[in-house]
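The report that follows is meant to be read alongside the sequence and the coordinates. Please keep both in view while going through the text.

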Amino acid sequence: MAEKDFADISEVDLAYKILSDAGKDNSIYYKDLIREIIEKKNKPVQNEAAAISEIYTMINMDSRFRHYGEGKWGLDEWHPPETKRTSRSSTSRTSTEKTTVRRKKLEDIQI
């Protein structure tokens, strides 16, 4: 993507592209990420702190991004979704047991 093309995409989409290009396991410190966005957008900034705050808020609200701690951000897609582990009580049935019960009930109905 040429430099002139960055004017046509949002700051958040540009942040996504920058992180995507950086690759998995290459999270970026938020100020470095935001400064790169501002530089690529070639957008005049009167107050850097306000610009950082505004872009940071947009990234924070976008579910495509994940905060890794210590001010570093990456992409949520770099990690598989967490699965919830549930404890099975001794009275719950396995899927095989459920299938067997269903077959038996079906046979009883058909008789």
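In what order do the three strands of the open sheet stand, and is their pairing parallel or antiparallel? The order is β1-β3-β2, and the pairing is antiparallel. This is a predicted model, in which local features need pLDDT of at least 70 and side-chain atom pairs count only at pLDDT 80 or more, while totals for chains, interfaces and linings use all residues. Residues are numbered from 1 along each chain as its sequence is written, and side-chain values use heavy atoms, with hydrogens and water left out.

**The sheet**

Helices (H or I, at least four residues) and strands (E, at least two) are DSSP runs numbered from the N terminus, and two strands pair if DSSP finds at least two bridges between them. β1 (28-29) and β2 (65-69) stand at the edges with a single partner strand each, so one side of each is left without a neighbour in the sheet. β1 is joined to the antiparallel strand β3 (residues 72-75) by two bridges, and Y29 has K72 in β3 as its bridge partner. Between β2 and β3 there are four bridges, again in the antiparallel sense, and here F65 has L75 in β3 as its bridge partner. β2 and β3 form a hairpin with two residues between them, and E70 in the turn has a positive phi of about 55 degrees.

**The helices**

Helix α1 (residues 11-22) lies across β1, β2 and β3, running at about 85 degrees to β3. The table lists the helix pairs; axes are lines fitted to C-alpha atoms, for helices over the stretch in contact, and angles run from 0 to 180 degrees between N-to-C directions.

| Helix pair | Angle | Axes |
|---|---|---|
| α1 and α2 (residues 30-41) | about 115 degrees | 10 Å apart |
| α1 and α3 (residues 48-61) | roughly 70 degrees | within 9 Å |
| α2 and α3 | about 105 degrees | 10 Å apart |

Angles under 35 degrees count as roughly parallel, over 145 as roughly antiparallel, 65 to 115 as roughly perpendicular and the rest as oblique. α1 is thus roughly perpendicular to α2 and also roughly perpendicular to α3, and α2 and α3 are roughly perpendicular to each other.

Contact here means heavy atoms within 4.5 Å. For the classes, Ala, Val, Leu, Ile, Met, Phe, Trp, Tyr, Cys and Pro count as nonpolar, Asp, Glu, Lys and Arg as charged, and the others, Gly among them, as polar. From α1, the residues E11, L14, A15, I18 and L19 meet L33, E36, I37, K40 and K41 in α2, a contact with six nonpolar, no polar and four charged residues. Towards α3, the α1 residues E11, V12 and A15 meet I55, M58 and I59, and this contact has five nonpolar, no polar and one charged residues. Between α2 and α3, Y30, K31, L33, I34, R35, I37 and I38 of α2 meet E48, A51, I52, I55, Y56 and I59 of α3, which gives 10 nonpolar, no polar and three charged residues.

**Aromatic pairs**

Rings of Phe, Tyr and Trp (its six-membered ring) pair if their centres lie within 6.5 Å, and planes under 30 degrees apart count as stacked, over 60 as edge-to-face and the rest as tilted. By this rule there are four aromatic pairs. The rings of Y16 and F65 have centres 6.5 Å apart and planes at 80 degrees, so this pair is edge-to-face. Y16 in helix α1 and F65 in strand β2 are 49 residues apart, and the pair therefore links distant parts of the chain.
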